[in-house]
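Hi,

Here is the structure I promised to pass on to you. Have a look at it first, and then read on for what turned up.

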Amino acid sequence: MLEIINLKTQFPSPDGLVNAVDSADLQIEDNERLGLIGETGCGKTVLGMSIIRLLPPSTRIHGQIIYKGRDLLNLKEEEMRLLRGKEISMILQNPTTSLNPVLKIGDQIAEVIQLHKDCNRKEAKTKAVEILAAAMIPEAPKRADQYPHELSGGMKERVMIVMGLASQPSFVIADEPTKGLDSGTKAEIIRLIRDMTSGRSMLMITHDLAAAGEICDRIAVMYAGELLEMASAKTILHDPQHPYTQGFINSLPSRGLLPISGSSPSLIDPPHGCRFHPRCPWAMDICRREHPQIIKLEKGHFSRCFLCA
Amino acid sequence: MASLILLAIYIGIAAFGPCLAPYASSEIAGSPLEEPGRLHLLGTNDLGQDIFSNLLCGARATLVLGFLGALLSVLTALTFGTISAYYGGRTDEIISRIVDIMMTLPGFPLLIVLVVFLPSSIFIMAAIMGLLGGLQGIRIIRSQVLSISRAEYIYGTRALGASDHYIMSRHILPGILPLAAVTFINAAQRFMLMGVGLGFLGLGDPNVVDWGQMISRAYSNGGFALGLWWWLLPPGLAVVLLSMTLALIGYGLEEEIEPRLKNINNSKWFTNGYARNN
């Protein structure tokens, strides 16, 4: 379905080139949901944006992103626009700022339908109410007639999800869909995403490992612009091999909130050798000298660590 | 609210003034310099024309000039301001620099020069005013569009496959309409005063009566020196009242858009217009 080959996304900045995504390789199969996990600022959102090609004009993107046999990075802007929303859609983070405050909910959803389907405004609005109702939003017709500020956070998140999926895309990028929700609402949103994306491919960008574990088939872990470990969701949660993934899981509230010492490295001048070595409890000599390659441990389990070699 | 009613009266006069007026504007209706009386409500001027009729007829030229000019200037500002801010980069650079250069030219003198050379008609005057006056508007609109077009929902709409044109008309335009309305009212006020000023300088359309001409005539033909108040005051007061009406509507609208302003200026002078009675 989607294959990312040696993707590099760089931003020029006054202090030098920021390597937000560095040599990423990733495949997402048909009907597969992949979770992309990492700390804030590790480049996971930029990876998502690179796929849909919505980055500032100064961004440099190298590599290939093959979607259904076409390299997205070679498409003209107009061809790309026609793919956006219809084939590849997005569920944005921050529902509060990602909905237009001056347009009604129903109109904003209808707009997506109208952009991609051949129908008039009235049909699109009826359809919008239908899918709102399908997303378990109570009193859907009333909600459709309200403005974003009249809705609660969880409700707005649902609207974002509905909007992202309204055009029936075959591939969805969900950026932090569970951010800033209380645990009860979060459980409902997780269920909603799981139900609504079944039968589609999805890249779910999140730092919520528990949510990713419930929704995704596979999980990829990203650190300082690089992919460090990739395996089935079950393996990542229960048998992680990379020290960073282990540290990440130990920092979950359910595992005792043990933080990884140190802070994320700069993406302009990442540490020499293994990027995680300054924070790694098992760091060896070789980790400081050489940059580890990603290696296959067993079927479907990859890790970038000398310990695993 | 009061100012809205006043404006409605003004617009009514502008529309129907010539029908309501007891005499035609150029008709010599009585003897020269008659004092106000039953036959001539506000007296007559040095040619014996009825001042009340002239006042009613003059409203049209002033209002048409102001509103047409304001409409053109807002359209100019919306078009170029939006394009400039939305596309950014070189387009923005070029438009902004042109605006910078044009804004160093003093507006009113430039207007005078242009009006002298071009055929004098209120439509041409409105067009010139609109284009020149729109320049400041471009900056105002541009700054607002800049903040809106960086908002995440614009980004989101693009992620869902909307085209630039669609985003501009459906998402950015509704966001700047309130600001455009205030710009419109303020521009209308400025242009009406400018029009009166041009009329006073004798640069208006000679075929149409306007208030500036009336003041000018009263001033230069001795109305001021001889103390003939009914000749000089009515057009002057009409201008002042109109200008104040528009200013109050402008303030009221600004407060509606930015409710924080209501708490900043509690002075009655500013709030007794549109906003307080709402």
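Let me begin with where the two chains meet: in this predicted model, 14 residues of chain B are in contact with 20 residues of chain A. On the chain B side, two helices, H6 (152-159) and H7 (164-200), each supply at least two of the residues that touch chain A. H6(B) gives the largest share of that side, with six residues. By type, the side of chain B that touches chain A divides into seven nonpolar, five polar and two charged residues.

Within chain A, there is a strand pair to look at. Strand E1 (residues 2-13) and strand E2 (residues 16-28) of chain A run antiparallel and are joined by nine bridges. The link from E1(A) to E2(A) is a hairpin through two residues.

Helix H4 (residues 105-116) and helix H7 (residues 153-165) of chain A pack with their axes 8 Å apart, at an angle of about 20 degrees. That angle is under 35 degrees, so H4(A) is roughly parallel to H7(A). Their crossing is right-handed. H4(A) makes the contact with A:Ile105, A:Gln108, A:Ile109 and A:Val112, while H7(A) brings A:Val159, A:Val162 and A:Met163. The residues of this contact of H4(A) with H7(A) come out as six nonpolar, one polar and no charged.

Best wishes

Terms used. Residues are numbered from 1 along each chain as its sequence is written. Chains are lettered from A and ligands numbered from 1 in the order in which they are written. This is a predicted model: local features need pLDDT of at least 70, side-chain atom pairs count only at pLDDT 80 or more; totals for chains, interfaces and linings use all residues. Two residues are in contact if their C-beta atoms, placed from the backbone, lie within 7 Å. Helices (H or I, at least four residues) and strands (E, at least two) are DSSP runs, numbered from the N terminus. Ala, Val, Leu, Ile, Met, Phe, Trp, Tyr, Cys and Pro count as nonpolar, Asp, Glu, Lys and Arg as charged, and the others, Gly among them, as polar. Two strands pair if DSSP finds at least two bridges between them. Axes are lines fitted to C-alpha atoms, for helices over the stretch in contact, and angles run from 0 to 180 degrees between N-to-C directions. Angles under 35 degrees count as roughly parallel, over 145 as roughly antiparallel, 65 to 115 as roughly perpendicular and the rest as oblique. A crossing is left-handed if the near helix is turned anticlockwise from the far one by less than a right angle, and right-handed if clockwise.
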